[in-house]
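Please look at the model below with its charged side chains in mind.

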Amino acid sequence: MHHHIRIIVRLLCICVVCGNELTSWQRAMSACAGYFAAQIASTPLEVIKTRVQARAGDGPFRVIKEIARAEGPVGFYRGFFP
C-alpha cells in the first residue's frame, strides 16, 4: 500500500511542479490520499478524546501515558482498522 501512495504523491508533485492540470483520476487519487493522511493524523486525537470523556476526572496527559504504557503505539489507533 505504501508503494501506491508514493506513486500518487510523485504524480501530484510532478503535476504541481510542471503546472499541468490534474486528470480526474489523479484528483480522485489525491483525494483518497488526503483522506487517508487526515485519518492517520486524527485517529490518535479521537481515541484520546473518547477515553478522557469516558473517564471523568482523568486528564488527557494521564490518558496518553496509560495508553502508551498499556497498549503501546497501536493503542492510539484503536478502531482505525475494522
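The paragraphs below take up confidence and then the salt bridges in turn.

This is a predicted model. The chain has a mean pLDDT of 83, with 76% of its residues at 70 or more. Confidence is lowest in helix 1 (residues 2-18), where the mean is 63, and highest in helix 3, at 95.

The count of salt bridges comes to five. One of them joins the side chains of Arg 51 and Glu 71, with an N to O distance of 2.7 Å. Arg 51 belongs to helix 2 and Glu 71 to helix 3, so this pair ties together parts that are 20 residues apart in sequence. Arg 51 has a relative accessibility of 18% and therefore counts as buried, the limit being under 20%. Glu 71, at 28%, counts as partly exposed. Beyond its neighbours within four places in sequence, Arg 51 is in contact with Val 63, Ile 67, Glu 71, Gly 75 and Arg 78. Salt bridges also link Arg 51, Glu 71 and Arg 78 in a network.

A further salt bridge is formed by the side chains of Arg 55 and Glu 66, at 2.3 Å from N to O. The pair links distant parts of the chain, since Arg 55 is in the loop between helix 2 and helix 3 while Glu 66 is in helix 3, eleven residues apart. Both are partly exposed: Arg 55 has a relative accessible area of 29%, and Glu 66 has one of 24%. Apart from residues up to four places away in sequence, Arg 55 touches Val 63 and Glu 66.

Arg 62 and Asp 58 also meet through their side chains in a salt bridge, at 3.7 Å from N to O.

Key:
Residues numbered from 1 in each chain as written. Predicted model: local features only at pLDDT ≥ 70, side-chain atom pairs only at ≥ 80, totals over all residues. Heavy atoms only, no water. Buried < 20%, exposed > 50% of the residue type's maximum accessible area, 1.4 Å probe, protein only. Contact = heavy atoms within 4.5 Å. pLDDT = per-residue confidence, 0-100. Helix = DSSP H or I, 4+ residues; strand = E, 2+ residues; numbered from the N terminus. Salt bridge = Lys/Arg side-chain N within 4 Å of Asp/Glu carboxyl O.
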